[in-house]
Amino acid sequence: MSSGHQDVVGERRRVPVTVLTGVLGSGKTTLLNHLLSALRGKRIAVILNEVGEVAIDDALLKENMKRHTEDEVVEFADGCSKARKDLARILRELGRRMRDTGEMLDAVVVETTGMASPSPVAQTFFADELVEQMFELDGIVTAVDATRILSQLKEQRGGSCASFSAAVEQVAFADRVLLNKVDLVTDVAEVDRIEARLRSINSLAVIKRCTHAKVPVNLVLGIQAFSLDRSLDVPAEKADLAVREAHVEAVASYSICMIGSVALDRFQSWVFSLLQRHGDKLFRVRGALSIEGVRRRFVFHTVHRLFNGDFQQPWGADEERGCKLTVVGRGIDIVRLRKDLHRCIANDENREAWSHALRFKIGDVVECNLGCQSGCGEGIVEAEEGMAEGQEGLADGEEGIAGEGLAAWEANDGDERGPEDAEAQDRNGRCQETEENARGVRESGPRTLWIRGVVIQLLYSDPSLPPGQTAPYQVQLENGVLVYAPFDDDDVIRMAPAEN
């Protein structure tokens, strides 16, 4: 094999897995045979769940897998839920075999049934921890028949997985769409129309016209489509809102572009609420965001309700910062989606709205839960200012851990913080136990410790908070210590009762 293929199936920590989809007759099995022929000498495991019109070349399989047992060609069941469980079981077995023998596979190819949705297959690589340790989803490749795809996109199907065309969903999930059999369509303008229709469903996918499913190997293998780096390649064009509003129940692709930086906690709250409520309609979302107070881009992608995101490339010094999202889904209200995302932008108008929505205002007398009695619990976090001064009311006792929440989004950005800030970040989410006889203390159960104080700042920012995030309140306790409330919740901060 030429050295040019080393990047396709070379040495990797995890084995790349490519999913081939397409309705019966689209050419996906022909494509698989081409790939096996091009990758002679490499160890390729093939997982099937259908017998197609074209048989897989047994000689190619035996040559590619001569160092493995014959059952490397395995079948898994069709169906939305069972398919994922069966595939996970098969991949775990392949992983166990690789560990036992010390011989790694170069790649795995999963060929799905013509009516199968790629969704449960894709989710396997994010929802199963053991599978994720050994394998990585490299990409989803969908083959379509140029002579039939327009009619197939209009078809409906029943069952529990979806009510719309299987071809639509396969195109919507694809990273590569192979527009096959273009030689049988004599009108070039018709091929252009077909490609435009496919692109309207999924603008994220690379569309390649081909004949007999012959394409370069590196177009479909080794593409690392689910790497977060790919989320930087979000299309810049804006959605044609006027046209697509008329087809709100159709599967379509939309792009959102806006100038400005989002508040990370606002975006987190919005996107997880969106996925929880509409994850079944959102096939894939890919985005690159500017986060307020952070020098790096935050990139992410989703598959239905599964989310993966991290900080990547830094913004240039003179580069205009903004946010780009591409959404592939069914029945998406893109106008509402854009408005909701805009409410996450950290500008004066939105900050005023966020402050107005808080329960308490500056000057309100409240009680703060330090949450550190008998170990830990949710509660107030001591601010950096309180660590430098006013610690007379703090004991040297055991530390306790405050509640979970937005701290789980720690970005490990590190660009804008020195050793002192890194130490403060390490203290994030921790507080110190206050002496039981300190002024203003009122116990309210074995794991709570309430102290009176006054709200002195709204939407407080502190170096010990995860990058790009704010706390609803900064509070000065009656003992002089400054703290912040990580959540606007009665379990953390509440109105103080009138003093006798």
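N350 is a buried residue, because its relative accessibility is 8%. Buried means under 20% relative accessible area, exposed means over 50%, and partly exposed lies in between (1.4 Å probe, protein chains only). The model is predicted: local features need pLDDT of at least 70, side-chain atom pairs count only at pLDDT 80 or more, and totals for chains, interfaces and linings use all residues. Residues are numbered from 1 along each chain as its sequence is written, and side-chain values use heavy atoms, with hydrogens and water left out.

Where does N350 lie? It lies in helix α14, which covers residues 348–357. Helices (H or I, at least four residues) and strands (E, at least two) are DSSP runs, numbered from the N terminus.

Now look at the neighbors of N350. Leaving aside residues up to four places away in sequence, N350 touches H342, R343, C344 and I345. Contact here means heavy atoms within 4.5 Å.

Next comes a pair of helices. Two packed helices are described by the angle between their axes and the distance between the axes. Helix α12 (residues 264–278) packs on helix α13 (residues 334–342) at about 155°, with the axes 10 Å apart. Axes are lines fitted to C-alpha atoms, for helices over the stretch in contact, and angles run from 0 to 180 degrees between N-to-C directions. The two helices are therefore roughly antiparallel. Angles over 145 degrees count that way, under 35 as roughly parallel, 65 to 115 as roughly perpendicular and the rest as oblique. From α12, the contact uses F267, W270 and L274; from α13, L337, D340 and L341.

What about the cysteines? The count of disulfides is zero, with a disulfide taken as a pair of cysteine sulfur atoms within 2.5 Å. The sulfur of C257 has its closest cysteine sulfur in C323, 9.8 Å away, too far for a bond. C257 is buried at 13% relative accessibility, and C368 is buried at 0%.

Finally, step back to the whole chain. It has 16 helices and 21 strands. Of its 500 residues, 53% count as buried.
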